[in-house]
Amino acid sequence: MLGLASMHIAYAEQLTRDNGSPVGDNENSQTAGAEGPVLLQDSQLVEKLQRFDRERIPERVVHARGTGAFGEFVPSADISDLSIAKVFQPGTKTPVFVRFSTVMGYRGSPEQARDPRGFAIKFYTTQGNWDMVGINKGVFFIRDAIKFPDFVHANKPSAVTGVQDANLAFDFFANTPESTNMLTHMYADEGMPDSYRHMDGFAVHAFKMINAKGEVHYVKFHWRSDQGLKNIRPNDIPASIGNDWNMMTNDLYGAIRKKDYPKWDLYIQVLNPSDLAKFDYDPLDDTKEWLGVPERKVGTMTLDRVPNNYFESTEESAFAPSRLVPGIEPSEDRMLQGRMFAYADTQMYRLGANFNSLPINRPLATVQNNNQDGKMNASGRTGEVNYEPSTIKELSQDGMYKYVQTPLSGTTQQQAIHKKQMFKQAGIFYRSLPEPGKADLVTALTGDLRHVTNDKNKYIMVSYFNKADSDLGTRLEKALGVDSSRVQQMSAKLSDD
Ligand code: HEM
């Protein structure tokens with residue numbers, strides 16, 4: 001069957017139907033005489049309408065608005081002491097596809113919004129595809145996957161009006177104090193990067209790196225933009241965005257087409273398993289950064305090619321934190337654990353069970369297993385031994401690729417993590433901002449908190465920010481005209497353990 005494809009006869013510039021047969025007239029349907037109805041036997045007309053009727057697939061449930069580009073990752077340091085992953089072996093060059101996105105808007109929504117930006121990379125490594133599915137900030141709003149659908153419902157357009165509503169978003173956040181750190185980052189200037197080229201990327205969660213001796217280190221990944229960071233300040237937003245809803249794609253593709261290829265350096269932070277207990281927060285809580293842990297550069301990614309088919313690249317691409325390669329494994333971070341399931345699951349719905357065979361998702365490494373059939377299967381798998389074990393056809397399994405063993409203790413449970421520390425890092429971040437950055441944060445936060453009509457939620461939010469930093473609290477109180485003593489009382493009752 002695959003052989004037939006190479007035998008195809010090309011009609012130079014000839015318009016054809018899907019079966020390859022030439023079309024005689026693509027502008028006039030076949031009719032019964034000059035006055036009669038259109039004929040059902042005009043199969044070109046019928047096929048054209050049928051194909052058009054089926055052009056849309058479900059958009060991503062989050063991160064629907066995105067833009068993609070191809071490039072290459074080249075390691076710059078030997079980290080074989082940490083990981084056997086071939087992608088980091090000196091001298092290796094790995095092709096990548098990157099998809100940037102906003103989170104909450106629909107597929108055709110404006111590209112500029114106060115929203116995290118998705119920063120997803122598919123590394124087509126010789127040991128299979130590795131997806132790093134991150135964002136442009138080092139932390140996230142929540143720390144347990146069980147809250148993710150609620151977080152998204154509250155922040156997506158309202159189930160009644162179809163319009164995003166700060167009342168609903170802050171109703172959720174007022175009941176989710178662990179979001180204070182991420183909210184402080186999102187309402188700072190870095191929450192409005194002026195282009196995808198001018199922002200950093202983070203995998204956010206810790207992952208495990210495994211070396212040839214089976215030793216484990218916990219690692220966080222950070223992409224640093226070679227173009228530097230540039231943000232849009234709140235008062236400049238209307239002028240900067242103007243009427244261009246597509247400014248992020250236009251900027252990225254414009255730069256690549258001018259051969260001004262954007263680059264990001266990849267840095268890692270590394271902890272020994274025994275270090276995890278030493279912090280006053282839980283290092284496997286994705287609402288926390290590993291502040292003070294040194295970063296080392298391990299490689300550079302360059303984007304140099306604009307895809308020539310939006311749907312077949314950007315729309316059909318499927319990224320998943322569970323798509324890992326030998327030497328990189330998930331940590332016990334509770335959010336990451338939920339993500340290990342959710343992405344491949346949604347992709348089987350959004351694209352179908354065989355989404356991994358689509359050209360954009362297909363590994364360069366040979367796929368050999370007994371997964372088969374299903375809708376639109378075209379894997380090219382051959383042979384009737386579609387089971388294992390077998391003496392007729394052996395598929396080897398090397399013990400060195402077994403998942404690493406992790407010591408455990410205790411019982412099953414449903415408890416929050418011990419070291420919650422909801423506010424401290426938000427305060428550290430606020431105090432690190434220069435004065436104009438502090439003022440911009442207050443302007444941007446006030447812009448949305450002003451729309452919160454539920455007084456209780458508004459006070460709770462201000463008390464959280466006050467707990468993070470009393471100067472931030474005081475400025476918000478003044479800007480929103482709320483009662484300072486009520487905020488102070490509420491804030492004093494909050495624990496930051
Ligand atoms: C348990 C928490 C989470 C769940 C259940 C979840 C679920 C999803 C789902 C279902 C998609 C759509 C995937 C697709 O249709 O192909 C998605 C996309 C995405 N998520 Fe998450 N997500 C979670 C947390 C996060 C976090 C913490 C980050 C950042 C570190 C993140 C970054 C992204 C990105 C960048 C995309 C877009 C990927 C692309 O460009 O196709 N998500 N997420």
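Gly 201 stands opposite Trp 223 in strand E7, and this pairing belongs to the two bridges that join strand E5 (residues 201-202) to E7 in the antiparallel sense, where two strands are taken to pair if DSSP finds at least two bridges between them. Strands (E, at least two residues) and helices (H or I, at least four residues) are DSSP runs, numbered from the N terminus. The structure is a predicted model, in which local features need pLDDT of at least 70 and side-chain atom pairs count only at pLDDT 80 or more, whereas totals for chains, interfaces and linings use all residues. Residues are numbered from 1 along each chain as its sequence is written, and side-chain values use heavy atoms, with hydrogens and water left out.

Strand E7 (residues 216-225) has nine of its ten residues buried and is therefore largely enclosed by the rest of the structure; buried means under 20% relative accessible area, exposed over 50%, and partly exposed in between (1.4 Å probe, protein chains only). Strand E6 (residues 207-210) pairs with E7 in the antiparallel sense over four bridges, with Val 216 in E7 as the bridge partner of Ile 210. E6 and E7 form a hairpin with five residues between them, and Gly 214 in the turn has a positive phi of about 80°. E7 is also joined to strand E8 (residues 263-271) by eight bridges, and these two strands run antiparallel; here Trp 223 stands opposite Leu 266.

Strand E1 (residues 66-75) is likewise mostly covered, with eight of its ten residues buried. Eight bridges join E1 to strand E2 (residues 94-102), which runs antiparallel to E1, and Thr 67 stands opposite Phe 100 in E2. Six bridges join E1 to strand E9 (residues 296-305), also antiparallel, with Leu 303 in E9 as the bridge partner of Gly 71.

Among the helices, H12 (residues 455-468) and H13 (residues 470-480) have axes that come within 5 Å and cross at roughly 150°, the axes being lines fitted to C-alpha atoms over the stretch in contact and the angles running from 0 to 180 degrees between N-to-C directions. The buried residues of helix H10 (residues 424-432) are Gln 425, Ala 426, Gly 427, Phe 429 and Tyr 430, and these pack against helix H5 (180-187), helix H11 (435-449), H12 and H13, contact meaning heavy atoms within 4.5 Å.

Tyr 343 lies in helix H9 (residues 334-350), and its OH is the only protein donor of the iron atom of the ligand, at 1.8 Å. Donors are N, O and S atoms within 2.8 Å of the metal (3.2 Å for Na, K and Ca), and water is not among the atoms, so sites may look incomplete.
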